[in-house]
Amino acid sequence: MNHTCENGISFDLFLHCSLVPSCFIVAILSFIQRREKQRMLDERFPVLKGHFGIVVPLDFIGSLSNRWSYGFAFGAVSSSVLVLFSEGYLPFNVPPWARAIVYLVGALEVGVAYYPFFACLSTPHRMYGGVLGLLYTLTWVIVTVLDIATCPGGEVLGPWQKLIFQWPSLLCLLFLLGRYVYMIVKSVRIHLKLLAEEEEQQLMQSHQARYVQSLLKRPSERLSEKSWFQRKIYDWDPNFKFPNRMIGTSVICLIGLYAVTLTDYSLSDYAFDKLDALKDSMAELAASCNHTNNLFIALVPQIEKFSDVARKSWLATTIFASLTSVSYTFHVLACYRKHLRRLWAGQRGFLPEKFHNPSSAVSVAAIARYSGWQIAFTLWGYFILHFVQFLFAVLFVYGVVIPLQEGRFVEWLTNFGFVLLTIGIVIALVILQIVMVQIFFLQDKLDPQDKEKPLALNNRKAFHNFNYFFFFYNVIMGLSNCILRLLMSCIVGTWLVSRIDRTIMQRGYESMDPGYSTWIGMLFADHYQDNPVMVCFCHLLLNRTLEKQRQRRTSTYSQFHNTTPESDTEGRVKGRWLLLYTLQRNPQLILLRKNRSVSLQENYNAITAARVMESQAKQSPDPVTQPTPRPDQTT
């Protein structure tokens, strides 16, 4: 995808220049972000006390708010992600051995350039985030429109190439503009007291509460009837929400599939035009040879036939591969919900045994890897799947369609019948072995209501002869089945290469599939971090703890917060007396007191004095049985 034009602006140059305003916006958001813990630097510079907190662009784990806003932000990033995917973006030239480092630098540069899109959405200071995000996004919209207007054409899709490729990203940028305007208007209304302030996001979401309530309810005996769409395609679950990570990844995958499908079709059309030109040049060359080379002359119509077959087959497989990849994108979301619900229910039988307890570090790292790997698997899987489907389509046309068109139906049917007859005999012999074992070599049913006979041999001597004579035939049949097994494994593995939720390795070797390991690690990380039962329990525990603290504060310490000076003095005296009595009974608490003005020697003297007082108290009658002295007696 070319981002430069002689008569227009350079998109890559603007990407480099956007680092300055991006860092400025991040610095402003970090300055207004308050830090919870104070540092030594805050005491030396009181002006900066509490400022420059860490800005979080996007919560990849637990955040479920503004999911579609973040999804459109990912859509705005998709154009640059595709450039990184094509490995056509290099900030500077380096030797070949250092290309991996340069790709890392380029990825970091793109991440910094698009950082304000996410940071302005996630900041709690809505007014600052809305204004800064609006200005930054408006700049990107203007540059993108100028890039399309000044240099709209290209070699692949003609005069409207830029618009065809970049309209999804431009649409996402326009949606972000509207979102930032909405944030500004809402902040102004809250400031003018025209709208109530938003409550802080609670630990437990409403859909999680509904899920826990559904677990506590008795299951209804009558099953609800589902429509055909719910049974066959997708069943919406109101008690489940996909996180921002899954939605953003799916948006980039869909936009990426749109872009690579257009590029694939356009480049193939260009390649087939070159093949037609080669065919025409060969036909002219054959005509100029005055029919002296019959082999060369016979080659021209074959090339013409192959060009026509390849062009139509490539177009058909382009549509089919695109639809398959798009369906995989939505199917991965459905599998994510299904697998996560099984883990919430404690069901791990669908996972290989070695993945039942993955490492914590691997699971957390899988969250960072998943989005990038899913996008790469989807795009590369499209190319691989398309190529394989194209080969099968060409073989089908040459093996079935062309013989039927040329009137060689009997010849084709004869050859095809021989193949089917051979396969049918092999399958019939396999079924025959099973039927003979079922009839002659298994004992009768223990109960007439049993579905199958028990696994107990009958007629053992006949079975040994049966096994001996079929041994030689099974050797020959095993050779063909070995080839068939390898072929089916290649087809299924190629067909599912973009399915990161399934492994393409054999049983016992699942750990050698890095994509599947990433999928399992992400599932367990989400299972432990966002389990609705655990979140609901923590939510109730925190609310109960805060309620107890509030009740204790109002009941125990309300007498210390009266308004009259006499009550303030009396409360202060009571507090000091209770403190003295507590430290006398528990001298070890003196070391835990936070008092920077008292030195260690003074603490030691206080401990010594407390111990002397404790020894004197032991010599006197038991202080527990004595009434507690009142504060007015000490005064």
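User: Which residues does Y336 touch, not counting residues up to four places away in sequence?

Analyst: In this predicted model, Y336 touches F240, F242, P243, R245, M246, W519, M522, L523 and D526. Contact means heavy atoms within 4.5 Å, so each of these residues has a heavy atom within that limit of Y336.

User: What makes the set around F117, Y336 and W519 a nonpolar core?

Analyst: A nonpolar core is a set of buried residues of listed nonpolar types joined through side-chain atoms within 4.5 Å. The largest such core has 76 residues, and F117, Y336 and W519 have the most contacts inside it. Helix 11 gives the largest share, 9 residues.

User: Why is this core said to lie between domain 1 and domain 2?

Analyst: Domain 1 (7-195) and domain 2 (246-554) both give residues to this core, so the core lies between them. Apart from it lies another core, of 5 residues, including F272, A310, W314 and F390.

User: How do you know where the second largest pocket lies relative to the two domains?

Analyst: Its lining answers that. Domain 1 (7-195) and domain 2 (246-554) both give residues to the lining, so the pocket lies between them. The pocket has a volume of about 1,000 Å³. Of its 29 lining residues, F74, V81, S371, G372 and I375 are the closest to its centre. Helix 13 gives the most to the lining, with 10 residues.

User: What kinds of residues make up the lining of the second largest pocket: nonpolar, polar or charged?

Analyst: The lining divides into 24 nonpolar, 4 polar and 1 charged.

Methods: Residues numbered from 1 in each chain as written. Predicted model: local features only at pLDDT ≥ 70, side-chain atom pairs only at ≥ 80, totals over all residues. Heavy atoms only, no water. 1 Å grid on protein atoms, 1.4 Å probe; cavity = no way out; pocket = protein on both sides within 12 Å on 5 of 7 lines; lining within 4 Å. Points joined across faces, edges and corners; volume = space filled by probe spheres on them. Helix = DSSP H or I, 4+ residues; strand = E, 2+ residues; numbered from the N terminus. Nonpolar A, V, L, I, M, F, W, Y, C, P; charged D, E, K, R; others polar. Domains from an automatic or database assignment. Buried < 20%, exposed > 50% of the residue type's maximum accessible area, 1.4 Å probe, protein only.
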